[in-house]
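Work through the exercises below with the sequence and the model side by side. Try each task before you read its solution.

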Amino acid sequence: MNEVTPVEQSDVAAVDPSCARAPVGMLCELTHRCPLQCPYCSNPTDLDRVASELTTAEWQSVMRQAGELGILQVHLSGGEPTVRKDLEEILEAAVKAGLYTNLISAGVTITRERLMKFAEIGLDHVQLSIQDVDSDNADRISAYKGGLAKKIEVSQWTKEAGMALTINAPIHRQNIHNVPRMIEFAIECGAGRIEIAHVQYYAWALLNRGSLMPTRESFMTAAKQVEHAREKYKGIIVIDMVVPDYYAKFPKPCMGGWAKQILNVTPQGRVLPCHAAESITHLTFDNVKDRPLADIWLNGEAFNKYRGTEWMNETCRTCPRKEIDFGGCRCQAFALTGDATNTDPACSLSPMHEEWAKVAEVESHSTPPEFVYRRVGGAKVTVGGT
Amino acid sequence: MTIGQYAKRERTMITGDCRPSIPRFVKMRHDAGRGRWILLAPERVFNPDEIAVAVLQKCDGERSVADIAAILADDYKAPADLILKDIIDMLQDLSDKGVLNAGEPTKS
């Protein structure tokens with residue numbers, strides 16, 4: 001008998017050809033509204049307005065279709081998903097569809113009563129973000145006062161209700177010194193898991209890259225601290241780390257391969273192969289209001305465009321790692337080279353790699369500019385301190 | 001609000017006396033579309049083999065690990081001590097990953 005191993009990325013597609021291409025996960029951005037204004041937000045810089053959001057019935061239909069398609073896990077995200085007053089009804093549809101439900105929240109808008117209601121409906125997992133363990137710095141990063149104390153409350157209610165708790169900590173140059181304390185904080189909260197999520201430089205984070213990019217040295221220090229903590233806290237907390245690809249030799253297997261494992265539904269109902277895909281400006285995206293989810297997943301133009309390995313350029317197509325990292329990230333390739341079929345500059349085999357890595361080197365050693373906070377219009381403000 | 005009430009301070013070690021159960025937030029079900037059993041957990045999908053499924057289906061918080069080993073030894077006509085060791089290894093791994101309630105015997 002073997003240990004129970006996590007499903008490998010390729011494994012999902014390998015089992016049964018009739019259902020080979022069902023995605024494992026669905027990320028639903030229920031809204032782009034959020035009381036926090038974190039400058040590394042993964043939402044697009046052009047935020048969807050509230051009037052254009054899908055209705056309750058439309059989201060419920062998405063959940064039913066996801067279950068039928070064979071999707072296993074749904075991530076209810078945003079923006080801040082709990083600002084939707086109908087979250088209970090959407091969650092209920094997801095639970096009924098047999099989906100494993102994960103709420104990705106900043107926590108600050110949740111009451112105890114409401115969280116208990118979510119648990120009663122059948123919510124499985126709460127993923128709670130923190131901006132820092134130093135309250136003042138957390139307030140400054142999120143442009144929101146008193147968030148950390150509220151998050152602590154939500155963490156305790158989550159445990160009280162018997163749901164799984166993950167602490168999600170986006171890491172950047174203005175909080176990277178606190179990585180060990182964040183892990184200790186997550187343990188104190190009773191979290192079973194923490195994500196040390198080095199900021200990925202798209203959308204708002206790309207806009208704020210100069211304020212967020214850590215130096216290579218501080219990244220290496222943090223990586224060692226994580227390695228040490230994994231040993232020290234084995235059996236106590238699971239520590240997952242998302243690596244900043246500016247300091248990597250090979251690119252990340254973005255989304256586990258384009259249109260292979262995950263789909264993303266925007267507040268307006270557009271279905272994307274990843275949450276940043278709209279940055280590839282020549283792609284067109286189908287909407288759940290016009291076309292069934294399964295049809296979009298299997299036949300949608302944007303999904304088929306970079307699915308598999310056929311689209312790859314010579315460098316990627318002949319690379320022994322093509323089924324490991326899939327040529328990296330299409331959005332990053334497009335943003336930085338102008339052609340989404342190019343090798344991701346995060347890859348050392350990209351002709352742009354050196355130039356690109358230099359950007360991180362230079363920016364991380366320069367004085368960080370003020371944050372461009374995540375809000376409609378993205379106006380520049382400073383909240384307290386520097 | 002103070003924290004620490006739910007903090008796990010020590011690694012739980014699985015023994016034959018533990019009475020394990022699957023937590024509320026872990027779901028084991030048969031995935032018809034993919035033709036196999038799956039264990040759904042936070043940001044993870046596990047793919048238990050036939051024997052792992054047989055073990056996990058018996059993790060009800062009542063049976064001890066030793067009880068489960070005895071049942072399986074009978075079902076699979078295998079030596080109980082060998083089965084016990086394998087089961088402990090498997091459950092330890094799941095416990096370390098936070099997807100199993102170990103059900104430790106109360107210390108006196």
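Predicted model: local features only at pLDDT ≥ 70, side-chain atom pairs only at ≥ 80, totals over all residues.

Residues are numbered from 1 along each chain as its sequence is written, chains are lettered from A and ligands numbered from 1 in the order in which they are written, and side-chain values use heavy atoms, with hydrogens and water left out.

**Exercise 1. Describe the build of chain B.**

Step 1. Take the secondary structure. Chain B has three helices and three strands. Helices (H or I, at least four residues) and strands (E, at least two) are DSSP runs, numbered from the N terminus.

Step 2. Read along the sequence. The pattern of chain B is β-β-β-α-α-α.

Step 3. Take the extent. The C-alpha trace of chain B spans about 50 × 40 × 20 Å along its principal axes.

Step 4. Check burial. Chain B has 108 residues, and 44% of them count as buried. Buried means under 20% relative accessible area, exposed over 50%, partly exposed in between (1.4 Å probe, protein chains only).

**Exercise 2. Characterise the interface of chain B and chain A.**

Step 1. Count the residues. In chain B, 40 residues are in contact with 51 residues of chain A. Contact means heavy atoms within 4.5 Å.

Step 2. Take the area. The two chains bury about 4,000 Å² between them, with 56% of it on carbon and sulfur atoms. Buried area is the accessible area (1.4 Å probe) that two parts lose on being put together, summed over both.

Step 3. Find the main contributors in chain B. B:Tyr6, B:Arg24 and B:Arg34 lose the most area to chain A, together 20% of what that side buries.

Step 4. Look for salt bridges (a side-chain nitrogen of Lys or Arg within 4 Å of a carboxyl oxygen of Asp or Glu). The rule finds four across this interface. A:Glu188 forms a salt bridge with B:Arg9, and their closest N and O atoms are 2.4 Å apart.

**Exercise 3. Locate the nonpolar cores.**

Step 1. A nonpolar core is a set of buried Ala, Val, Leu, Ile, Met, Phe, Trp, Tyr and Cys residues joined through side-chain atoms within 4.5 Å.

Step 2. Find the largest core. It has 86 residues, and A:Met26 and A:Met63 have the most contacts inside it. Helix H7 (residues 179–189) of chain A gives the largest share, seven residues.

Step 3. Find another core, apart from that one. This core has 32 residues, among them A:Val24, B:Leu56, B:Ala69 and B:Met90.

**Exercise 4. Classify the aromatic pairs.**

Step 1. Apply the rule. Rings of Phe, Tyr and Trp (its six-membered ring) pair if their centres lie within 6.5 Å; planes under 30 degrees apart count as stacked, over 60 as edge-to-face and the rest as tilted. The whole structure has seven such pairs over all chains.

Step 2. Take A:Tyr201 and A:Tyr246. Their ring centres are 5.6 Å apart and their planes at 85 degrees, so the pair is edge-to-face. A:Tyr201 lies in the loop between strand S6 (193–198) and helix H8 (203–207) of chain A, and A:Tyr246 in the loop between strand S7 (238–242) and strand S8 (262–265), so the pair ties together parts that are 45 residues apart in sequence. Both residues are buried.

Step 3. Ring pairs link A:Tyr201, A:Tyr246 and A:Trp356 into a cluster.
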